[in-house]
Structure formats: C-alpha cells, structure tokens
Amino acid sequence: MKVLVTGAAGFIGFHLVQRLLERGDEVVGIDNLCDYYPVVLKEARLAQVRGDRFRFIRMDLADREALPALFAAERFDGVVNLAAQAGVRYSIENPWAYVESNLVGFVNVLECCRHYPVQHLVYASSSSVYGGNEKTPFSEEDRVDHPVSLYAATKKSDELMADCYSHLYGIPATGLRFFTVYGPWGRPDMSPMLFASAIVGGKPVKVFNHGDMMRDFTYIDDIVEGVVRVLDKAPAGHTVYNIGCSQPVRLMDFIAELEGALGREAGKIMLPMQPGDVYRTYADTSKLERELGYKPGVTLHEGIGRFVEWYLSDLNPLR
C-alpha cells in the first residue's frame, strides 16, 4: 500500500510511519515543522526513520498548489491525516493557527481526495469533541454539539466536512477520536512531558482543578495498532471511532506513577481548572473492538515505564 501520512514528524505520525514501514508499505510523509513546540524534537523523530520506502517532504497542509500536485504525482492508496494545530489551551491564545491548519488544511486534503481518489482517508479527530458531557463512557452515539474549546470545535467541524465529502463524492473516510495519547517521543506540551521535566528538574508540577481530574491515558503503541486496523478496512461511506484505553486514571495517580518510575517525589502547585479543559475523559471503544478487533494491551504502569526509559535516554533531545 502507498500511504500519505500528514504530520509525519508529529508524535502519532512518527510512530505510525515506523509501523507502516515495518510491515512493508511505501510511505510519503509531509509536515510543515511548525515551531509550536521545539522543532529539534520533530527533526530527531524523523532522524529515527529508516528505509528507502519512506520519503519526507516539508509542506504546509494548507498549500493549495503543492498538496494537489503531490496527490497528482503520487496517486496514493491511503491517506492518514494527522497534521493539525494541537493543544486546547493554545487555541485560546492563537485561534487563527487552528483555523488555518485544522479547517483550511483539512479542506485541502478533502479536495485532493475528491480529485485524486484514494481507497481510504483516515483522519484525526479528538476526544475533545465530547466537551463537558457528563455521561460516561463517551460513546460515538453521544451528542457532540457543545465543544468547550476552539480546538474541539475545529475537530468536530472536520468530522462534519468529512461526512459531507464522503456523501457527495464517495470518499471512504474514517475519523478517529483519540484519547490522551502518551509514550516515548511525546509532545512537550502534554502532561507526561511537562510533569517529567518538572520532576527531573526539581521544580513543582502544576496540578489543575486541584488534582480532581481523570484522563483516559492511552499508550502510543495501542493507538498506532488501532490506526492501522482502521486504515486496512475502508467503510462504505463515513464513520467515526473512539480510540482509547477505556480505563480513566485519576491525575494524582498518574503523577504518582511518574514519581515512582523517576524515583523522585514531585512538589505540587494546586491550581483551578483552566478554560477549555474538561473534568474527565473516558472512551467507550466497544464499536472499534466489535468491528475491527481492537483492544488496548499496555497498562499505565508499563507505559509510564517505557516513557521514562526513553525520557532519560540520549534519544530525548529535550532531556
């Protein structure tokens, strides 16, 4: 299979590229290498990718000339769109970045899939679309029309646009609502990296909502396994899956696991809930398990251990 992976230098994209190459696929990766977080981490990820079946192209997803030209030249079998402006809190500070990448960029992808048909378009949505829903676990059947951040609103918009394009132009498309992904090579703006950096540096960690939060932390290998299973089975039209661990963890327990793995106790600054955050995420993954046999297998203890091993190693350029 010839696959385009957008956001190939990102956390999930990097791991997915490696998995696809391991099983023999030809992969073209694109990324604009934006400086939302240190580019050195993205470059270090790309430097780990080996093989003559991978080509990387620095390109902005919203480039309405370069992206169609790439589709015309390559004739991809599958597309996995992971490129996006990430982060809930940053969307409050810089909304235009989200409009340009998550909306304009995704329309560009949809237009390319329309004019240069692919067997399957898989794209990243987010658990953020569930907003402040109180019913748990979150099901794909739940209403998602009250996002509490612009980031979440752009992800829900992507789902609506994909559904429209699938209906109008027959594009097989699947959206994946990711739940709090963590692991080696993770993003430095997410809690595992933030907490580990603070603990190793002897600084206190910032604990929002005074620690009264729960997250469905999902290890990166389980996420990639789900993405590959989805990519290999195109739907007749458009569908959406939750992809998570289905075992929400209290924030204080997550910090305790990190403290244990690092062998240090963290100082803690208790803070109120931040705008755009939610109290709990909890994935109902029964649809993905029923239809594609997906079942996460990495426990939090195992996942944190692997993350800390990488974090303390020479592979981590931010250590």
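Me: What do buried, exposed and partly exposed stand for here?
Reply: Buried means under 20% relative accessible area, exposed means over 50%, and partly exposed lies in between. Keep in mind that this is a predicted model. Take Glu111: its relative accessibility is 23%, so Glu111 counts as partly exposed.

Me: Which residue forms a salt bridge with Glu111?
Reply: First the general idea. Side chains of opposite charge can pair when their charged atoms come close. Here the partner of Glu111 is Arg114, with the closest N and O atoms 3.2 Å apart. Arg114 is partly exposed, because its relative accessibility is 33%.

Me: Where do Glu111 and Arg114 lie?
Reply: Both sit in helix α5, residues 95-115. They are three residues apart, about one turn of the helix.

Me: Which residue does Lys156 pair with in a salt bridge?
Reply: Lys156 pairs with Glu159, and the closest N and O atoms are 3.7 Å apart. Both belong to helix α6, residues 150-169. They are three residues apart there, so about one helical turn separates them.

Me: Is Glu159 buried or exposed?
Reply: Buried. The relative accessible area of Glu159 is 4%.

Me: What is the N to O distance in the salt bridge of Glu259 and Lys268?
Reply: It is 3.0 Å. Glu259 is buried, at 14% relative accessible area. Lys268 has 32% relative accessibility, so Lys268 counts as partly exposed.

Me: Which residues do shared partners join into one network?
Reply: Lys2, Glu26, Arg55 and Glu74. Salt bridges link these residues through the partners they share.

Me: How many salt bridges does the count come to?
Reply: The count comes to 17.

Me: Which residues gather in a patch of negative charge?
Reply: Asp60, Asp63, Glu65 and Glu100 form that patch on the surface. Look at Asp60. It lies in the loop between β3 (54-58) and α3 (66-74). Its relative accessibility is 35%, so Asp60 counts as partly exposed.

Me: Now cysteines. How many disulfides does a search of the whole structure find?
Reply: A disulfide is a covalent bond between the sulfur atoms of two cysteines. The search finds zero.

Me: What are the relative accessible areas of Cys112 and Cys113?
Reply: Cys112 is buried at 1%, and Cys113 is buried at 2%.

How values were computed. Residues numbered from 1 in each chain as written. Predicted model: local features only at pLDDT ≥ 70, side-chain atom pairs only at ≥ 80, totals over all residues. Heavy atoms only, no water. Patch = residues over 30% accessible without salt bridge, like charges linked within 9 Å, V, L, I, M, F, W, Y side chains within 5 Å. Areas by Shrake-Rupley, 256 points an atom, 1.4 Å probe, with all protein chains shown as cover. Salt bridge = Lys/Arg side-chain N within 4 Å of Asp/Glu carboxyl O. Lys, Arg positive; Asp, Glu negative; His and termini not counted. Charge placed at Lys NZ, Arg CZ, Asp CG, Glu CD. Helix = DSSP H or I, 4+ residues; strand = E, 2+ residues; numbered from the N terminus. Buried < 20%, exposed > 50% of the residue type's maximum accessible area, 1.4 Å probe, protein only. Disulfide = S-S within 2.5 Å.
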